[in-house]
Amino acid sequence: MWPNKFDYQRAESVDQALELIGDEGKFLAGGHSLLPVMKLRLSAPEQLVDIGRIDSLRGISANGGLTIGATATHAEIAASGDVQSMCGALADACGGVGDQAVRNFGTIGGNIAHADPASDPPTVLVACGASINIQGADGSRSVDAEAFFVDLFETDLDDGELITSVSLPNCSDCQCAYVKFPHPASRYAIVGVAVCLKMDGGTCAQADVAVGGATVKAVKCAGAEAALAGSTLDDAALNAAAEAVKADIADWLAGDVAYPESYRQQMAGVYLKRAVKAAAG
Amino acid sequence: MSTRIFGSGIKRREDPRLITGEARYTDDIKLPGVLHMAVVRSPYAHANIVSIDSSAAAAMDGVVAAYTSEDIGDGLAGLPTAWLIPDSDLKTPEHPALAKGKVRYVGDGVAIVLAEDRYTAQDAADAVEVEYEELPVVVDPEAAAQDGAPQLFDDVENNIAFTWVMGDKTASDGVFNTADVVVRDKIVQQRLLPTAMEPRSAMAQYNPATQELTLWCTSQNPHIHRFIISAVTGLNENKVRVIAPEVGGGFGSKIPCYPDEALVSWAAIKLGQPVKWTETRSENYQITIHGRDHIQYVEMAANRDGKLLGVRATVYAGMGGYLSTAAPGIPTILHGLLYVGPYTMDSVYCESIGVMTNATPTDAYRGAGRPEATFLLERMVDMVAKRIDMDPAELRRKNLIPAFEDGYEVATTLIYDSGDYPAAFEKAIGIAGYDDFRREQAEARAEGRYLGIGITAYTEMCGLGPSQVAGAVGFQGGLWESATVRVTPTGKVQALIGASPHGQGSETTLAQIIGDELGFPVDDIEVIHGDTTETPMGWGTYGSRTTPVTGAALAEASRKLKEKARVLAAHLMEAAVEDIEYDDGKFLVKGSPDNFQSIQDVALMAHLAWNMPEGMDPGFEESQFYDPPNFVYPFGTHIAIVEVDANTGDIELKRYIAVDDCGPQINPEIVAGQIHGGVVQGIAQALCEGVIYDDSGQLLTGTMMDYTMPRADMFPNFELGETVTPSPHHPIGVKGVGETGTIASTPTVYNAVLDALSPFGVEGIDMPMTPAKVWQAIQSA
Ligand SMILES: Cc1cc2nc3c(=O)[nH]c(=O)nc-3n(C[C@H](O)[C@H](O)[C@H](O)COP(=O)(O)OP(=O)(O)OC[C@H]3O[C@@H](n4cnc5c(N)ncnc54)[C@H](O)[C@@H]3O)c2cc1C
């Protein structure tokens with residue numbers, strides 16, 4: 001409730017933001033992950049650099065693929081026609097984040113920088129092969145989502161680096177979906193599963209699958225993908241994929257007293273089936 | 001004819017200010033020069049305090065002072081336990097406002113700092129250096145009572161604060177030894193967080209010139225707070241004024257007098273400056289009382305034909321690190337006395353053991369003892385039904401006490417006032433379509449869907465209560481209420497009450513009672529409460545007592561006024577008193593309807609006093625003390641229908657039926673609101689709420705991200721029904737309805753879930769029945 005003392009500055013441009021951010025500073029986007037931990041005094045940055053008004057970080061554009069500015073809010077992403085048509089799973093995920101107030105403030109850049117294992121968008125970004133565009137004092141770079149998420153609250157981002165946008169391939173010829181089992185208290189994901197299917201008639205030509213919530217980070221699930229690919233998504237394939245996904249995430253499980261790892265692992269299987277049905281249906 | 005205001009579902013007059021944010025709570029009150037208090041709290045559940053160094057904190061800019069219990073010395077007496085249950089070998093270990101030498105739960109106050117703003121106060125609190133020596137921790141009340149468990153107090157052997165026994169053990173054993181059937185279970189009534197929307201807050205101001213202390217605080221009972229604050233500070237009770245401004249919910253958690261209220265008072269006196277403290281939600285979860293926390297070993301005896309014979313239980317009730325204000329009375333008097341419920345069952349026995357643990361103190365939480373009793377009865381009844389293979393509805397029907405109008409004594413020695421349990425039961429069964437449901441359930445099971453139904457028949461005691469009983473059971477106070485009905489010359493009514501409503505809508509309901517008695521338009525009636533200087537003495541708002549007890553005082557005071565009005569009206573119209581008729585605010589001369597005095601006319605003339613009857617005093621105001629002759633006993637039947645997703649353990653509540661009888665309903669909308677809220681809270685205990693401590697006594701459910709509060713989208717539309725059985729001993733027949741929802745709903749939903757899971761052979765799941773636990777139970781059954 002009562003954060004430690006900090007300085008606040010608002011950056012007008014990416015360059016200025018990169019200049020202002022000192023060793024002990026933090027970027028402030030929607031504030032919906034950062035401010036709660038500051039209020040609990042679990043984090044005490046000396047300086048906040050507000051990136052919320054930097055024009056170049058805003059907006060969503062479609063040009064072959066999707067480019068989503070770092071400060072695009074969950075609500076904007078969920079409502080975007082381009083996102084809905086090119087990556088429906090991301091619209092699902094962002095539309096299911098927290099509640100309306102959280103979606104109106106929280107941004108995709110802040111969400112992935114924070115890398116809460118129970119977050120929704122990262123799972124879709126990993127499944128759909130997104131890349132994260134980053135700028136630092138020494139220039140810009142781009143990292144695959146899968147490599148970006150390293151561990152619990154840990155990303156590939158270096159101190160002082162800023163996420164500028166997220167790029168996604170055009171997925172409009174695939175069928176994708178994100179379903180989650182929300183924690184009854186926080187509504188974060190106990191398990192979230194994203195699938196992206198390329199169908200060839202009744203057969204699944206390619207499947208991309210990622211799981212979050214149950215894991216310390218969003219995990220790409222090769223075993224489940226293999227079980228689905230080449231199948232007609234019949235019960236046998238779904239059951240095989242559900243078994244495979246549990247093995248895929250076995251090394252990355254996360255849990256707590258109320259929802260232990262073993263339960264989340266099992267639920268990943270159940271929710272994988274639901275996600276495939278949602279994508280195919 | 002105008003519609004009667006009694007029974008009319010008018011809108012709550014409190015709501016506009018509450019929902020527009022205009023209401024003024026304690027923290028909204030700003031005093032110039034106020035100092036902010038922050039409390040340094042123990043991060044350990046059990047530890048010796050080796051040293052406290054507050055010098056760095058005290059030296060910070062903007063910090064006025066830092067104090068420990070040593071600085072307070074004997075400036076504050078320990079906080080009293082005010083429910084001294086008799087014949088229980090009760091120990092009341094010292095509860096200092098700040099820990100002395102030892103901390104006993106995470107959050108126990110160790111030092112206070114006072115600063116010019118809240119941020120600095122928090123910085124300074126963080127800068128106080130405390131060295132602790134950690135001690136072994138025990139949070140489970142049953143474990144804490146065993147030999148060798150960590151001891152919280154030297155003078156509380158085995159941490160047992162009391163052992164309260166109800167009933168005759170030999171007689172009970174006799175019944176159990178000869179019964180055809182005995183079922184038993186271990187029931188865990190998990191700890192719950194009351195989570196009032198407004199956290200607690202306290203601000204004190206001391207006037208050295210008059211030696212008066214004013215304390216604004218979040219209280220359900222400002223007169224009790226005055227009493228206790230006067231006792232702990234040593235101030236004359238007349239010099240203490242306690243004001244409970246708007247209070248944003250309590251659910252019992254704002255009954256107790258906490259260290260924080262004593263500390264702001266002490267610091268305000270010491271420094272001669274006003275001092276304010278408002279807890280954060282994290283503090284609220286850590287230090288404001290918790291509810292429930294029983295481990296119960298319960299048995300029920302029955303005959304094979306379904307006659308229920310008796311119930312007995314051993315209860316380990318977790319008290320936490322100190323005994324809170326009313327704590328000992330909750331798992332004893334308010335619990336054991338309900339062991340008969342609505343059934344014709346002749347044998348009861350209860351041994352309730354109050355145990356000190358390294359956890360937040362517990363105390364009254366909505367229902368307080370009675371939900372824990374109703375739950376165990378309804379669990380046992382379902383278990384008997386299963387054992388003798390009788391339908392649970394049929395078993396209940398067979399054992400319900402038949403209708404009675406004026407007094408029914410049960411084995412716990414209570415005399416129920418009135419009831420028609422079978423009527424409420426059949427009504428609920430009818431709404432639910434019970435027999436059809438069993439068919440639907442069988443069909444669903446054939447398709448691999450798991451539907452379940454649960455029933456609770458209940459009665460409870462509330463409207464606390466006759467003062468004589470309070471005395472007999474060790475409650476250190478009376479349980480009457482008093483009220484003044486004061487009418488201004490222009491006919492506007494002020495009702496001053498000693499009780500202190502905080503969200504129940506009583507300002508509306510009580511005005512309706514007065515309007516009904518006297519004929520004043522309800523909008524002309526103001527209900528004033530919450531300030532010990534402005535209002536007459538009263539014992540507070542809890543135990544579903546404000547409508548029954550304060551309401552009775554107001555009805556009686558109104559009737560006195562009405563008598564005065566009748567005599568004055570007769571005098572003014574030069575008629576005989578016997579010839580005066582009353583109709584909806586008018587006093588008419590029999591036979592000449594145009595000749596009348598309105599209640600407003602009479603009020604004005606009583607104030608002017610130009611023309612009074614011989615011997616009548618001027619003015620238009622009456623007061624009434626009301627001590628109820630008995631508790632009131634609302635009752636009813638609740639039914640839930642659930643579906644369990646066997647793949648995930650997720651529970652969907654499909655229907656919820658509540659038939660409650662609280663006597664005549666003054667305002668059906670408010671009654672429905674109380675039932676809705678209570679039902680939601682009770683279902684939350686069954687399905688989602690529950691405190692989790694780790695082995696070292698750290699609260700793992702310390703925020704709303706982990707502690708699952710119920711939300712609207714968990715619930716279907718509730719189907720409410722009512723029966724109306726007036727209380728024979730009450731001036732307007734009403735019973736309380738503030739707690740029935742939490743009392744009835746928890747076992748209803750619990751039993752429904754177990755019914756749904758019966759194909760798997762699941763015998764029990766500890767609450768809350770989260771998806772993870774339900775799923776696990778299915779796997780291991
Ligand atoms: C009640 C509640 C419920 C929630 N439920 C969900 C949920 O169900 N699912 C879900 O996924 N999330 C949920 N969230 C989190 C929400 O999505 C957050 O908004 C999001 O995680 C953080 O975004 P932000 O813009 O608020 O970031 P901030 O809080 O401003 O920042 C978070 C972190 O990211 C850093 N940062 C921000 N932007 C950048 C950038 N462009 N480059 C580099 N670093 C940056 C900050 O320095 C900080 O360390 C919930 C939050 C709340 C409060």
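In this predicted model, 23 residues of chain B are in contact with 23 residues of chain A, contact meaning heavy atoms within 4.5 Å. The area buried between chain B and chain A is about 2000 Å², and carbon and sulfur atoms give 63% of it. Buried area is the accessible area (1.4 Å probe) that two parts lose on being put together, summed over both. The size of an interface is often given in this way, as the accessible area lost when the parts come together.

Four salt bridges are counted between chain B and chain A; the term denotes a side-chain nitrogen of Lys or Arg within 4 Å of a carboxyl oxygen of Asp or Glu. One salt bridge joins Asp123(B) to Arg41(A), with 2.7 Å between the closest N and O atoms. Six residue pairs in polar contact, both residues at pLDDT 80 or more, are found across the interface of chain B and chain A. A polar contact is a pair of N or O atoms within 3.5 Å; within protein, one must be able to donate a hydrogen and the other to accept it, and residues adjacent in sequence count only if both atoms are side-chain atoms.

On the side of chain B that touches chain A, helix H4 (118-127) and helix H21 (771-780) of chain B are the elements that give two or more residues. H4(B) gives the most to this side, with five residues. Helices (H or I, at least four residues) and strands (E, at least two) are DSSP runs, numbered from the N terminus. The residues of this side of chain B divide into nine nonpolar, seven polar and seven charged. In this classification Ala, Val, Leu, Ile, Met, Phe, Trp, Tyr, Cys and Pro count as nonpolar, Asp, Glu, Lys and Arg as charged, and the others, Gly among them, as polar.

Residues are numbered from 1 along each chain as its sequence is written, while chains are lettered from A and ligands numbered from 1 in the order in which they are written. Because the model is predicted, local features need pLDDT of at least 70 and side-chain atom pairs count only at pLDDT 80 or more, whereas totals for chains, interfaces and linings use all residues; side-chain values use heavy atoms, with hydrogens and water left out.

**Domains within chain A**

Chain A is divided into domain 1 (57-168) and domain 2 (175-280), the bounds coming from an automatic or database domain assignment. The centres of these two domains of chain A, taken over C-alpha atoms, are separated by 20 Å. Domain 1 of chain A places 23 residues in contact with 23 residues of domain 2 of chain A. Between them the two domains bury about 1700 Å², of which carbon and sulfur atoms give 63%.

One salt bridge is found across this interface of chain A. The side chains of Lys180(A) and Asp120(A) meet in a salt bridge, 2.9 Å from N to O. Seven residue pairs are in polar contact between domain 1 and domain 2 of chain A, both residues at pLDDT 80 or more. Helix H5 (88-95), helix H8 (121-127) and strand E8 (149-151) of chain A each supply at least two residues of the side of domain 1 that touches domain 2. The largest share of that side, five residues, comes from H8(A). By class, the side has 14 nonpolar, four polar and five charged residues.

**Domains within chain B**

The domain assignment of chain B gives domain 1 (18-135 + 197-249 + 254-287), domain 2 (369-463 + 631-780) and domain 3 (480-626). The centres of domain 1 and domain 3 of chain B, taken over C-alpha atoms, are 40 Å apart. Each of these two domains of chain B brings 16 residues to the contact. Domain 1 and domain 3 of chain B bury about 1300 Å² between them, 55% of it on carbon and sulfur atoms. Gln220(B), His223(B) and Arg241(B) supply 44% of the area that domain 1 of chain B buries against domain 3, more than any other three residues.

Asp531(B) forms a salt bridge with Arg241(B), in which the closest N and O atoms are 2.6 Å apart. Nine residue pairs are in polar contact between domain 1 and domain 3 of chain B, both residues at pLDDT 80 or more.

**Ligand surroundings**

The ligand is surrounded by 33 residues, the closest being Phe27(A), Gly31(A), His32(A), Leu34(A) and Thr107(A); a residue is near a molecule if one of its heavy atoms lies within 4 Å of it.

| Residue | Polar atom in the residue | Distance to a ligand oxygen atom |
|---|---|---|
| Ala29(A) | polar backbone atom | 2.8 Å |
| Ser33(A) | polar side-chain atom | 2.8 Å |
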